[in-house]
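I opened this entry to keep track of what I looked up. The chain comes first, and my notes follow it.

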Amino acid sequence: MTREQTNTAPRVTIVVTEHDRLSTIRECLENLYATATGAFDLVYVTGRMPGRHLDWIRQQAQARGFTHLHTGRLMRPAEARNFGARHVKTEHLVTVIVAGS
């Protein structure tokens, strides 16, 4: 649930990063919102990606009220995680790395 759904300030921020797995961005985001309980903030970090994926994630960020950070370049998973972590304002942080196999 987001802050707007619970009217309480979240104590956790989930930072999601993608690495070589653009095909699962939609599934990851939808599953996150479907299964997460309690209030949370979301920071979604993307690097270089095709326009259709970028447009979709930007639309989702606006509609769902989460922070989308786009660098326009490839980043290592730890670099993307640390970049996203700098934008966390809550007490706790959870990271999710969507990676290719």
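I started with the word buried: a residue is buried under 20% relative accessible area, exposed over 50% and partly exposed in between, with a 1.4 Å probe and protein chains only as cover. Helices (H or I, at least four residues) and strands (E, at least two) are DSSP runs, numbered from the N terminus. I noted that this is a predicted model, in which local features need pLDDT of at least 70 and side-chain atom pairs count only at pLDDT 80 or more, while totals for chains, interfaces and linings use all residues. Residues are numbered from 1 along each chain as its sequence is written, and side-chain values use heavy atoms, with hydrogens and water left out.

Entry 1, the whole chain. I counted four helices and four strands. Along the sequence they follow the pattern α-β-α-β-α-β-α-β. The chain has 101 residues, and 37% of them count as buried. I also looked up contacts, where contact means heavy atoms within 4.5 Å. Among contacts between residues at least 6 apart in sequence, 77% join residues at least 24 apart.

I asked which residues of helix 2 (residues 25–35) are buried. They are Ile-25, Cys-28, Leu-29, Leu-32 and Tyr-33. These residues lie on the same side of helix 2, because they cover an arc of only 120° around the axis. The arc is taken from the directions from the helix axis to the C-beta atoms. Ala-34 and Thr-35, on the other side of helix 2, are exposed. I wrote down the general rule beside this: an α-helix has 3.6 residues a turn, so residues three or four places apart point the same way.

Two strands pair if DSSP finds at least two bridges between them. In strand 1 (residues 12–19), six of the eight residues are buried, so I put strand 1 down as mostly covered. Strand 1 runs parallel to strand 2, and five bridges join them. Val-16 has Tyr-44 of strand 2 as its bridge partner. Strand 2 (residues 41–46) also runs parallel to strand 3 (residues 67–70), with four bridges between them. There, Thr-46 has His-70 of strand 3 as its bridge partner. From strand 2 the chain crosses through helix 3 (residues 51–64) to strand 3, and this β-α-β crossover is right-handed. Right-handed means that, with the strands pointing away from the viewer, the path from the first strand over the helix to the second runs clockwise.

I found His-53, Leu-54, Trp-56, Ile-57, Gln-60 and Ala-61 to be buried in helix 3. They sit on the same side of helix 3, because their arc around the axis is only 165°. On the other side, Arg-52, Gln-59, Gln-62 and Ala-63 of helix 3 are exposed. The cover over the buried residues of helix 3 includes helix 2, strand 2 and strand 3. Gly-65 follows helix 3, and its phi is positive, near 80°.

Why does Gln-60 count as buried? Its relative accessibility is 16%. Leaving aside neighbours within four places in sequence, Gln-60 is in contact with Leu-29, Gly-65 and Phe-66. Arg-21 is in the loop between strand 1 and helix 2. Arg-21 counts as partly exposed, because its relative accessibility is 31%. From C-alpha to C-alpha, Arg-21 and Ile-97 are 9.7 Å apart in space, and they are 76 residues apart in sequence.
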